[in-house]
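Work through the exercises below with the sequence and the 3D structure in view. Try each task before reading its solution.

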Amino acid sequence: MASDDEEAMKNLTDKATYDRLEKDLSAVKNDISALADQVSDALGTFTGSAKKQARRGYRQARANVDSVLSDVSERGNAALDAAQNAVSSIEDTLEEAIQQRPLATVGLAIGLGFLIGVTWRR
């Protein structure tokens with residue numbers, strides 16, 4: 001009879017252990033499922049945040065490029081205006097010099113033409 005009692009006790013212990021393990025396994029499965037949901041939510045939040053930051057960075061870069069292009073355009077226009085003013089000033093100065101000394105200007109033009117011609121031949 002002792003062996004029957006031992007066998008019954010062993011079966012009860014095994015069943016209790018099996019039930020506890022089954023309960024623990026079910027709890028682990030639920031924990032893993034909850035963790036997977038949390039990871040999924042975190043990734044969704046991270047993705048949304050990354051998209052917002054990327055859009056914000058794109059807008060800022062575009063604004064910077066627009067600002068730089070505007071600045072370059074303004075500087076280019078200012079340089080063009082300065083060059084046009086310089087050419088106009090040189091033109092006025094040459095015209096004034098020609099009107100004040102027409103013979104000297106003709107002589108200078110002949111001399112320069114002669115020097116260019118001699119240089120060109122060599």
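The protein chain has an accessible surface of about 11200 Å², and 60% of this belongs to carbon and sulfur atoms. Accessible areas come from the Shrake-Rupley method with a 1.4 Å probe, and for residues only the protein chains shown count as cover. The model is predicted: local features need pLDDT of at least 70, side-chain atom pairs count only at pLDDT 80 or more, and totals for chains, interfaces and linings use all residues. Residues are numbered from 1 along each chain as its sequence is written, and side-chain values use heavy atoms, with hydrogens and water left out.

**Exercise 1.** State how many helices and strands the protein chain has, and what share of its residues is buried.

Step 1. Helices (H or I, at least four residues) and strands (E, at least two) are DSSP runs, numbered from the N terminus. The protein chain has two helices and zero strands. Helix α1 covers residues 2-100, and helix α2 covers residues 102-121.

Step 2. Buried means under 20% relative accessible area, exposed over 50%, and partly exposed in between (1.4 Å probe, protein chains only). Of the 122 residues, 0% count as buried.

**Exercise 2.** Describe the salt bridge between aspartate 71 and arginine 75.

Step 1. A salt bridge is a side-chain nitrogen of Lys or Arg within 4 Å of a carboxyl oxygen of Asp or Glu. Side chains of opposite charge can pair when their charged atoms come close.

Step 2. For aspartate 71 and arginine 75, the N to O distance is 3.4 Å. By this rule the count is one salt bridge.

Step 3. Both residues lie in helix α1, four residues apart, which is about one turn of the helix.

Step 4. Aspartate 71 counts as partly exposed because its relative accessible area is 32%. Arginine 75 has 60%, so it is exposed.

**Exercise 3.** Which residues form the positive, negative and nonpolar surface patches?

Step 1. Patches are made of residues with over 30% relative accessible area and no salt bridge; like charges are joined within 9 Å, and nonpolar side chains (Val, Leu, Ile, Met, Phe, Trp, Tyr) within 5 Å. Lys and Arg count as positive and Asp and Glu as negative, while His and the chain ends are not counted. A charge is placed at NZ of Lys, CZ of Arg, CG of Asp or CD of Glu.

Step 2. Lys51, Lys52, Arg55, Arg56 and Arg59 form a positive patch. Arginine 55 is partly exposed, at 48% relative accessibility.

Step 3. Glu91, Asp92, Glu95 and Glu96 form a negative patch. Glutamate 95 lies in helix α1 and is partly exposed, at 43%.

Step 4. Leu108, Leu112, Phe114, Leu115, Ile116 and Trp120 form a nonpolar patch with about 770 Å² of accessible area together. Leucine 115, in helix α2, is exposed because its relative accessibility is 52%.
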